[in-house]
Amino acid sequence: MRRITPLLWLLFSAGGTVAALLFPVHLFLTGLAVPLGWLEAPGYESLHTLLRHPVTRLYLLALIALPLFHWAHRFRYTLYDGLQVKHLTALIVVLCYGTALVGTALAAYTLWSVP
Amino acid sequence: MSPQAEGRPIDPHYTLYHPRWYRRRVSVWWWLQNRAYAGFVLRELTSVFVAFFAVILLWQVRALVQGPEAYARFLVRLGTPLFLGLHGLAFLFVLFHAVTWFNLAPAAMAVRVSGRRVPDWVIVGLNYGAWLVLSGAVAVILLRG
């Protein structure tokens, strides 16, 4: 665990930067502006064409995976401090980073299977 | 066997048990007593909403891959009050994450140009500038349709 701590920190800060720069606009457009009818939803065909481009898929993989690792790292310490459950360290570590790994694998598999 | 039974004198300073140090039990809500603590914990909690939206993005990609009907169902689901409420709350937390992240950037990386440290406001400004440019680019690409 100690050997990969620098890597986990790197993933935390990369994910934090990606989430800070790109999540507000994606969340605002997809989650609020389009469902509320403020903006017209982009058509399925145009989005699917966009998705077929390899650069889009790499972008989406980074956009999903890195923030998940950001969450895993930060939430791990939130649990320690907030709930005072330091004695459950091993379980929390497995749950947090494990969830991020599963999410990354799912994203990679889904993006790989784009026809 | 107890000391008395053995006939040994009882040492008043000796105890079989390790003393229990006095420790006040801290409430799980310790962070609500002070604005700075509350800000800290709210910032830590932004990660939950970051993860939530990463899952939404994954769901959106899955729906796109599965076909037009699945994507239409995804759009209908996003229009329900539950998801609108979640996204409204998540948007506030994600904004809080972005602002606190950019404002802490100079502390996280001290950039030096020809031996002199780049002033904090330059680094913060560059972060906000990049935020603006990237948000505009994403909006144009996504909505061009």
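**A predicted model of chains A and B**

The confidence value is pLDDT, which the predictor gives to each residue on a scale from 0 to 100. Over chain A the mean pLDDT is 92, and 99% of its residues reach 70 or more. This is a predicted model, in which local features need pLDDT of at least 70 and side-chain atom pairs count only at pLDDT 80 or more, while totals for chains, interfaces and linings use all residues. Residues are numbered from 1 along each chain as its sequence is written, and chains are lettered from A and ligands numbered from 1 in the order in which they are written.

Chain A has four helices and zero strands, and from the N terminus its elements run α-α-α-α. Helices (H or I, at least four residues) and strands (E, at least two) are DSSP runs, numbered from the N terminus. The C-alpha trace of chain A spans about 50 × 30 × 20 Å along its principal axes. Its radius of gyration is 17 Å, whereas a compact globule of 115 residues would have one near 13 Å. That radius is taken over C-alpha atoms, and the globule rule is 2.2 Å times the number of residues to the power 0.38.

The expected span of a helix is 1.5 Å times one less than its number of residues. Helix 3 of chain A has 30 residues and should span 44 Å; the C-alpha atoms at its ends are 42 Å apart, which agrees. Helix 4 of chain A has 24 residues and should span 34 Å, and its end C-alpha atoms are 34 Å apart, which also agrees. Just after helix 3 of chain A, Q84(A) has a positive phi of about 55 degrees.

Chain B has five helices and two strands, in the order α-α-α-α-β-β-α along the sequence. S114(B) sits in the loop between strand 1 (112-113) and strand 2 (116-117) of chain B. The phi of S114(B) is near 45 degrees, a positive value in a residue other than glycine. S114(B) counts as exposed because it has 4 C-beta neighbours inside 10 Å. A residue is buried if 20 or more other C-beta atoms lie within 10 Å of its own, exposed if 12 or fewer, and partly exposed in between, with C-beta atoms placed from the backbone.

Buried residues make up 37% of the 115 residues in chain A and 17% of the 145 residues in chain B. Among contacts with a separation of 6 or more, residues 24 or more positions apart account for 79% in chain A and 43% in chain B.

Where do the two chains meet? In all, 45 residues of chain B are in contact with 46 residues of chain A. On the chain B side, helix 2 (35-66), helix 3 (68-78), helix 4 (81-108) and helix 5 (120-143) each supply at least two residues. Helix 2 of chain B has the largest share, 17 residues. By class, this side has 35 nonpolar, eight polar and two charged residues. Here Ala, Val, Leu, Ile, Met, Phe, Trp, Tyr, Cys and Pro count as nonpolar, Asp, Glu, Lys and Arg as charged, and the others, Gly among them, as polar.

The largest nonpolar core has 45 residues, and those with the most contacts inside it are I64(A), L68(A), F69(A), V50(B), F53(B) and V94(B). Helix 1 (5-33), helix 3 (54-83) and helix 4 (89-112) of chain A, with helix 2 and helix 4 of chain B, each supply at least two residues of this core. Helix 1 of chain A gives the most, 12 residues. Such a core is a set of buried Ala, Val, Leu, Ile, Met, Phe, Trp, Tyr and Cys residues joined through C-beta atoms within 7 Å.

Leaving aside neighbours within four places in sequence, I64(A) is in contact with G103(A), A107(A), A54(B), L57(B) and L58(B). Both G103(A) and A107(A) are among the buried residues of helix 4 of chain A. The buried residues of that helix pack against helix 3 of chain A and helix 2 of chain B.

W71(A) lies in helix 3 of chain A and counts as buried because it has 29 C-beta neighbours inside 10 Å. Not counting residues up to four places away in sequence, W71(A) touches A100(A), S47(B), V50(B) and A51(B). The C-alpha atoms of W71(A) and F12(A) are separated by 7.5 Å, although the two are 59 residues apart along the chain.

Notes
Two residues are in contact if their C-beta atoms, placed from the backbone, lie within 7 Å.
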